[in-house]
Amino acid sequence: FYKDRELKFVFKKLQQDFPKEPKVAMFVGGCVRKYLSNEEIDDIDIATSLTTDQIKEKFKDTRFKVIDSGVEHGTVTLVSDKFKLELTSLRKDIKTDGRHATIEYTNDWQIDSERRDFTINSIYLDINGKIFDPQSGITDLKNNNIKFIGDPQKRIEEDYLRIIRFIRFVLEYESEVEQTTIEAIKLNLDGIKKISKERILSELLKILSTKNFVKLNKNKKIKVIFELI
């Protein structure tokens, strides 16, 4: 997918004016995970060391429409007839209440990877097809392991929606679940009440549409948590 001419144009535009920087942008998250698993790619996320203002400036006179989809979180969306691309500046979380994070921008790809949710979602891919895998996500993807990055408790406290996302990925990849992760989830179930109903519904619909939803009955640990939610 990364060989597409329009995507190559986007990356060339981002890299322009920064010839000495090795990489100012890479694909990350679901599109990389699905590419490696030979699944159909729908959403395309791009991480970049550029600021939202720099991105908007670069694409103002192009065929892409630039949308301020989440400037406060360092995110802008580029829309063309063919693509909807979400571009997010590299960042680290300074403070979080489980719903909203106070962020600080960085140009360190390793630090950006540490604030993501699961190892399988922290695999980066450049426009030439080269992989950067700071959290060993490829190994977990091959073994169908859904693991939080670092301490599960800490990752969950940063955004309680990750509990529901965890259930979705465990069902999707038929993953075994570590007991320590289950305990961390149970300790934080109350936090889901802080999440907006819209965000919960969006994740719930994704769970219901996964082809493995029927297997929820076989996974007692996950079923108990799903019922509590």
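Visitor: What makes the stretch holding Glu-157 a helix, and which one is it?
Guide: Glu-157 is found in α6, residues 152-158. A helix here is a DSSP run of H or I with at least four residues, numbered from the N terminus. This is a predicted model, where local features need pLDDT of at least 70, side-chain atom pairs count only at pLDDT 80 or more, and totals for chains, interfaces and linings use all residues. Residues are numbered from 1 along each chain as its sequence is written, and side-chain values use heavy atoms, leaving out hydrogens and water.

Visitor: Why is Glu-157 called partly exposed?
Guide: Its relative accessible area is 34%. Buried means under 20%, exposed over 50%, and partly exposed lies in between (1.4 Å probe, protein chains only). So Glu-157 counts as partly exposed.

Visitor: What makes the link between Glu-157 and Gln-153 a polar contact?
Guide: Their side chains are joined at 3.0 Å. The definition asks for a pair of N or O atoms within 3.5 Å; within protein, one must be able to donate a hydrogen and the other to accept it, and residues adjacent in sequence count only if both atoms are side-chain atoms.

Visitor: How far is Glu-157 from Asp-68?
Guide: The C-alpha to C-alpha distance is 27 Å, across 89 residues of sequence.

Visitor: Where is Leu-201, and why is Leu-201 called partly exposed?
Guide: Leu-201 sits in helix α9, residues 197-209. Its relative accessibility is 46%, so Leu-201 is partly exposed.

Visitor: Which helices each supply at least two residues to the lining of the second largest pocket?
Guide: They are α7 (161-173) and α10 (220-228).
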